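I opened this notebook to record what I looked up in one protein chain.

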Amino acid sequence: MVHTKAQAARSTAVILVAAGRGERAGASSEGPKQYRRIGGRPVLVHSLLGFTNILPQAAVVVVIHPDDETLLAEALAAYPELAASLIVTHGGKTRQQSVLAGLKALEGHAPEHVLIHDAVRPFFDRAMIDRIVLKLASGADAVLPAVAVTDTLKRGNDRGEVSDTVSRAGLYAAQTPQSFSYAKIHAAHQAAADAGRDDFTDDAAIAEWAGLTVHLVDGSPDNVKLTVKRDLEMADARLSNNDLPDVRTGNGYDVHQLVPGDGVTLCGIFITHDQTLSGHSDADVALHALTDALLATCGAGDIGDHFPPSDPQWRGAASRIFLEHAAKIVRDAGGTIMNADVSLIAEAPKIGPHRQAMREKLSEILGISLDRCSVKATTNEQIGFVGRREGIAAIATATVVYRAPQQ
Ligand SMILES: Nc1ccn([C@@H]2O[C@H](COP(=O)(O)OP(=O)(O)OP(=O)(O)O)[C@@H](O)[C@H]2O)c(=O)n1
Ligand SMILES: C[C@](O)(CO)[C@H](O)COP(=O)(O)O
């Protein structure tokens, strides 16, 4: 069992399936859609560079059609080191067969985890991969990035009429990379093939069929599959715009009074102490400041707007609820949380022994990797209300990258 992102990355492999014919995208002089250029590079190369950048230690298998050897060589001509690092194998008639070929190509490596990705989804991002890798590292056998369905769903009949409206409650659109225990998904794929099943459109469905629990993590609305010609045109336009990244920084500040008690909760960690923080909720100043910092990156007001102190339902509430809510607002607005930084200003208790647990708590609540979560502390040199142990203050900074507005 692996426990850290770095350990997980070392024993992780990636399978990029690229053996399809791209019939729905139509014919092109550049070949099937995975070899077409968007923003000046073949789609497949975008996806490959994404993985080598985010998971540089992972073994990468590319599954291609036997007719596409020359197309692959041409696509990688400008990237000789990348080309030399890849394991290339031939796929089959269906995506399912191609994935099994990729899994077999990894038998010599026997990685702990494998991320199985459509080569034609070039817009995955680091934060999403971090969420997946963290979930695998926590012991999950199968992880599915997915986005909740937002359109109203209709069922049509063969006369081209609506027969009924389907509830979208609990429905998700499945994305890739779908990620697994290598041994378990290999066994499941082999069992499906041995049972003559060739109708699975994704690997999570095979995992479900084999009885594995498939865990959902947030996918990304940007992580679209380039399926039809229009998808490729829009992808090309998007990359050719050369827009600057929309990076936003928010800060937050909070203070709560210390009164006699048995301990304080800071960054979601309870610390035994001869005082407690007084407040309407659990008075976790650190999470309150960070909640405000996140809300500030998308103009979403402050914690009091969303959780009014006058509302009795928040009495004694665990402040992780507030932070989770702010993170959801940010993600719904198209944001990817890149960094969360908290400074605690407290004369006592000592924060140092709890910093790592606090960082891990932030990482868990926000669904971002540990290296993106920072907790620092200082005393106030016995000056002022903090110095007199009358209160604890926290300052937080959040960095979020937002998607460029859709054209
Ligand atoms: N026999 C197949 C079929 C698909 N794929 C890959 O699986 C991914 C799924 O995307 P999809 O849009 O279904 O690709 P195609 O099968 O190429 O598209 P189409 O159905 O339009 O021919 C793609 O990266 C595709 O290259 C594959 O490796 N082997
Ligand atoms: C695996 C997949 O990307 C999940 O959404 C998708 O099912 C593959 O594409 P297809 O068009 O269903 O072959």
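The entries below follow that order.

**Conventions.** I worked from a predicted model, in which local features need pLDDT of at least 70 and side-chain atom pairs count only at pLDDT 80 or more, while totals for chains, interfaces and linings use all residues. Residues are numbered from 1 along each chain as its sequence is written, chains are lettered from A and ligands numbered from 1 in the order in which they are written, and side-chain values use heavy atoms, with hydrogens and water left out.

**Whole chain.** I found 14 helices and 19 strands (DSSP runs: H or I of at least four residues for helices, E of at least two for strands, numbered from the N terminus). Of the 407 residues, 46% are buried (under 20% relative accessible area, with a 1.4 Å probe and protein chains only).

**Helix pair.** I then looked up helix α10 (residues 285–296) and helix α12 (residues 320–332), which pack at about 10° with axes 9 Å apart. Because of that angle, α10 is roughly parallel to α12 (angles under 35 degrees count as such). The axes are lines fitted to C-alpha atoms over the stretch in contact, and angles run from 0 to 180 degrees between N-to-C directions.

**Residue A300.** I noted that A300 lies in the loop between α10 and α11 (303–306). Is A300 buried or exposed? A300 is buried, since its relative accessible area is 18%. A300 touches L295, H306 and I329, leaving aside residues up to four places away in sequence (contact means heavy atoms within 4.5 Å). The C-alpha atoms of A300 and A326 are 8.6 Å apart.

Terms used:
Buried means under 20% relative accessible area, exposed over 50%, partly exposed in between (1.4 Å probe, protein chains only). Angles under 35 degrees count as roughly parallel, over 145 as roughly antiparallel, 65 to 115 as roughly perpendicular and the rest as oblique.
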